[in-house]
Amino acid sequence: MRTVLITGANRGIGFEHARQYAKDGWRVIACCRQPNAAPELESLRHAFRNQVQVLALDVSNRAAIDAMATSLAGERIDLLINNAGSYGPQGIPDGIAYQRLGSIDYSIWEDILRVNVLGAMKMTEAFLPQVERSSRKLVVMMSSDLGSVTNNIKPGQSYCYRSSKAALNMVTKGLSLDLKARGVTVVAMAPGWVRTDMGGKGIADLEPHDSVAAQRKVFEALTVADSGRFLNYRGEDVAW
Ligand SMILES: NC(=O)c1ccc[n+]([C@@H]2O[C@H](COP(=O)([O-])OP(=O)(O)OC[C@H]3O[C@@H](n4cnc5c(N)ncnc54)[C@H](OP(=O)(O)O)[C@@H]3O)[C@@H](O)[C@H]2O)c1
């Protein structure tokens, strides 16, 4: 049985990954900040008792990441999805207000970087032994089209979120260079504009089901030769 570890698995894209991988027969280690306030994940765990394990994890707590990696020291993790991400406390569109020139909230920006960049890096560092022990050895960083410098063509907004995903892309590239010789594939994924709390349920293009089903096809086809790519859910390269 293959194993996937997903951060931020209680809602949105992360939950949908947990649901689809469980349904597909994978073992799912589903991490979220508050398992007691994650009813959908609890139902999934109930439906797939032998496959789904729910663990409490805030990815901005690096000591907690180390503790979890120690407690899962003997595991093999085929696929690590660093999905947990933040646009700040208000999400889109209200969160745009504190991400504009003239009204930047620097403390929110620091929090976003701590989750989106440092959290994903720390998870990868901490769980590398488990990933290397697997046969698949795949790490996915949930990035965003908004992390593309090339495609940032309108007057600046979302400085905090955009810069966090651009930094995550750089981390992805660096990890791919360090880990290619060890057979580990690391990619950045732009999931599309998805109907979640962050993407906006009424306005975004894609249902979580469709984005995640497409992402999983992309993941399945990846080899170590793809390591370091920035891809969208259709498997196309996104301009850095
Ligand atoms: N939706 C889109 O259109 C879109 C587009 C491009 C990229 N993305 C990326 O896709 C990923 C998932 O986003 P989504 O749309 O599913 O957003 P979402 O519905 O807002 O979910 C975000 C998830 O991240 C978790 N999270 C936030 N801070 C965390 C922390 N410190 N520790 C652990 N978990 C934390 C949240 O947990 P809590 O419930 O505890 O807050 C939640 O599970 C993110 O990385 C996002 O940047 C989304």
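Strands and helices here are DSSP runs, at least two residues of E for a strand and at least four of H or I for a helix, numbered from the N terminus. Three bridges join S6 to S7 (residues 230–232), and the two run parallel; strands count as paired if DSSP finds at least two bridges between them.

A quick word on what you're looking at. This is a predicted model, where local features need pLDDT of at least 70, side-chain atom pairs count only at pLDDT 80 or more, and totals for chains, interfaces and linings use all residues. Residues are numbered from 1 along each chain as its sequence is written.

Back to S6, residues 185–190. How many of its residues are buried? Six of six, so to say mostly covered, by the definition that a buried residue has 20 or more other C-beta atoms within 10 Å of its own, an exposed one 12 or fewer, and a partly exposed one a count in between, with C-beta atoms placed from the backbone. Thr185, Val187 and Met189 point one way, while Val186, Ala188 and Ala190 point the other way, and all are buried.

On the S5 side, five bridges join S5 (residues 138–142) to S6, again in parallel. Val140 stands opposite Val187 there. The chain gets from S5 to S6 through helix H5 (residues 159–179), and this β-α-β crossover is right-handed. Right-handed means that, with the strands pointing away from the viewer, the path from the first strand over the helix to the second runs clockwise. Now, which hand does the unit of S6, helix H6 and S7 have? That β-α-β unit, with H6 at residues 208–221, is left-handed.

Let me stay with the H6–S7 loop, where Gly228 is found. Gly228 counts as partly exposed because it has 19 C-beta neighbours inside 10 Å. Its contacts, leaving out residues up to four places away in sequence, are Thr172, Lys173, Ser176, Leu177 and Val186; a contact means C-beta atoms, placed from the backbone, within 7 Å. Gly228 and Lys180 are 48 residues apart in sequence, yet 8.9 Å apart in space, C-alpha to C-alpha.

Most residues other than glycine have a negative phi. Lys137, in the loop between helix H4 (106–133) and S5, has phi near 55°. Lys137 is buried, with 22 other C-beta atoms within 10 Å. Ser158 also has a positive phi, near 55°, and lies in the loop between S5 and H5. With 19 C-beta neighbours inside 10 Å, Ser158 is partly exposed.

Finally, the whole chain. There are six helices and seven strands, in the pattern β-α-β-α-β-α-β-α-β-α-β-α-β. Of the 240 residues, 44% count as buried. Among contacts between residues at least 6 apart in sequence, 69% join residues at least 24 apart. The C-alpha atoms fill a box of roughly 50 × 40 × 35 Å along the principal axes.

Definitions and conventions:
Contact = placed C-beta atoms within 7 Å.
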